[in-house]
Amino acid sequence: MARMIHLYVAAACAVALALAAPALAGDPDMLQDVCVADKASPIKINGFPCKANITADDFFFPGLRNPGNTNNPAGSVVTAANVDSFPGVNTLGVSMARIDYAPGGQNPPHTHPRATEIIFVLEGTLEVGFITTANKLFAKTITKGDVFVFPRGLVHFQQNRGHGPAAVIAGFNSQLQGTQAIAMTLFGATPPVDTDILAKAFRIDNGEVDAIKAKFAPK
């Protein structure tokens, strides 16, 4: 019961975020009541075309109920409820995600170019923060029941500082917020960024760049 209450509160936060600042929303305004994404359509537009026949199931998503598998190098996993997995949010300018963290797990520094993010802590203790374009860090330790917001487009992160698992529900004011993980973007791009460019940018030698690239190479 308590877990469901937490999820309801997080959902309310996501909706409030989308409605509170429509001028800053990452998505254009909707032009009809609903437009469930037709992911099978060959038509390519900015977004997704509308599916012809819809049901209540198109507006339902059970994927955030249970913890995700955090057995990976980052020790975290993001379960998204955006238009890619939840077609009912198409044109609605809102989406959600559940993020689970193993002890010591991290959601590495990343950005969302199309959305502000707000998180609600379901369990655990996290160090969270974002960095402005003036390179100023705003960081705080948050715990169960707390809320923190990351402004659109700014680099941000979360790390589990507790001894047990942690989890948050995230809300976005976009149906598809986009995510660029900084390390993966730079060291795991395809085709790869030239080694000498990264070496100069990070003021390290080519060998160190190649060693980092090897950690992010496609498996």
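What share of the 219 residues in the protein is buried? Buried residues make up 36% of them, where buried means under 20% relative accessible area, exposed over 50%, and partly exposed in between (1.4 Å probe, protein chains only). This is a predicted model: local features need pLDDT of at least 70, side-chain atom pairs count only at pLDDT 80 or more, and totals for chains, interfaces and linings use all residues. Residues are numbered from 1 along each chain as its sequence is written, and side-chain values use heavy atoms, with hydrogens and water left out.

**Overall make-up**

- The protein has four helices and 10 strands. Helices (H or I, at least four residues) and strands (E, at least two) are DSSP runs, numbered from the N terminus.
- From the N terminus on, the order of elements is α-β-β-β-β-β-β-β-β-β-β-α-α-α.
- Among contacts in the protein with a separation of 6 or more, 70% join residues 24 or more positions apart. Contact means heavy atoms within 4.5 Å.
- The accessible surface comes to about 12,400 Å². Carbon and sulfur atoms account for 61% of that surface. Areas come from the Shrake-Rupley method with a 1.4 Å probe; for residues, only the protein chains shown count as cover.

- Five strands form an open sheet in the order 1-2-9-4-7, with antiparallel pairing. Two strands pair if DSSP finds at least two bridges between them.
- Strand 1 (76-81) and strand 7 (147-150) are the edge strands, and each pairs on one side only.
- From one strand to the next, the twist averages 25 degrees. For such angles, axes are lines fitted to C-alpha atoms (for helices, over the stretch in contact), and values run from 0 to 180 degrees between N-to-C directions.
- Six bridges pair strand 1 with strand 2 (residues 95-101) in the antiparallel sense.
- Ser-76 stands opposite Tyr-101 in strand 2.

- Another open sheet has five strands in the order 6-5-8-3-10, and its pairing is antiparallel.
- Its edge strands are strand 6 and strand 10 (180-181), each pairing on one side only.
- Strand 3 and strand 10 run antiparallel and are joined by two bridges.
- His-110 has Ala-181 in strand 10 as its bridge partner.

**Asn-107**

- Asn-107 lies in strand 3 (residues 106-111).
- Asn-107 counts as buried because its relative accessibility is 9%.
- Leaving out residues up to four places away in sequence, Asn-107 touches Ser-76, Val-78, Ile-99, Tyr-101, Phe-157 and Gln-158.

**Nonpolar cores**

- In soluble globular proteins, nonpolar side chains tend to be buried together.
- A nonpolar core is a set of buried Ala, Val, Leu, Ile, Met, Phe, Trp, Tyr and Cys residues joined through side-chain atoms within 4.5 Å.
- The largest nonpolar core has 17 residues. Ile-119, Leu-126, Val-128, Ile-142, Phe-148 and Val-168 touch the most other members.
- Strand 2, strand 4 (117-123), strand 5 (125-131), strand 7 and strand 9 (166-172) each give two or more residues to this core. Strand 9 supplies the largest share, four residues.
- A second, separate core of 11 residues includes Ala-37, Phe-86, Phe-120 and Ala-167.
- Not counting residues up to four places away in sequence, Val-168 has contacts that include Ala-97, Ile-99, Tyr-101, Ile-119, Phe-120 and Leu-126.

**Phe-138**

- Phe-138 lies in strand 6 (residues 137-143).
- With a relative accessible area of 38%, Phe-138 is partly exposed.
- Phe-138 and Val-128 are 10 residues apart in sequence, and their C-alpha atoms are 8.4 Å apart in space.
- Phe-138 touches Val-128, Gly-129, Phe-130, Thr-132 and Phe-148, with residues up to four places away in sequence not counted.

**Disulfide**

- A search of the whole structure finds one disulfide, defined as a pair of cysteine sulfur atoms within 2.5 Å.
- This disulfide joins Cys-35 to Cys-50, S to S 1.9 Å.
- The link of Cys-35 and Cys-50 is left-handed, with -105 degrees about the S-S bond.
- Cys-35 and Cys-50 are 15 residues apart, each in the loop between helix 1 (2-20) and strand 1.
- Cys-35 counts as buried at 5% relative accessibility, whereas Cys-50 counts as partly exposed at 40%.
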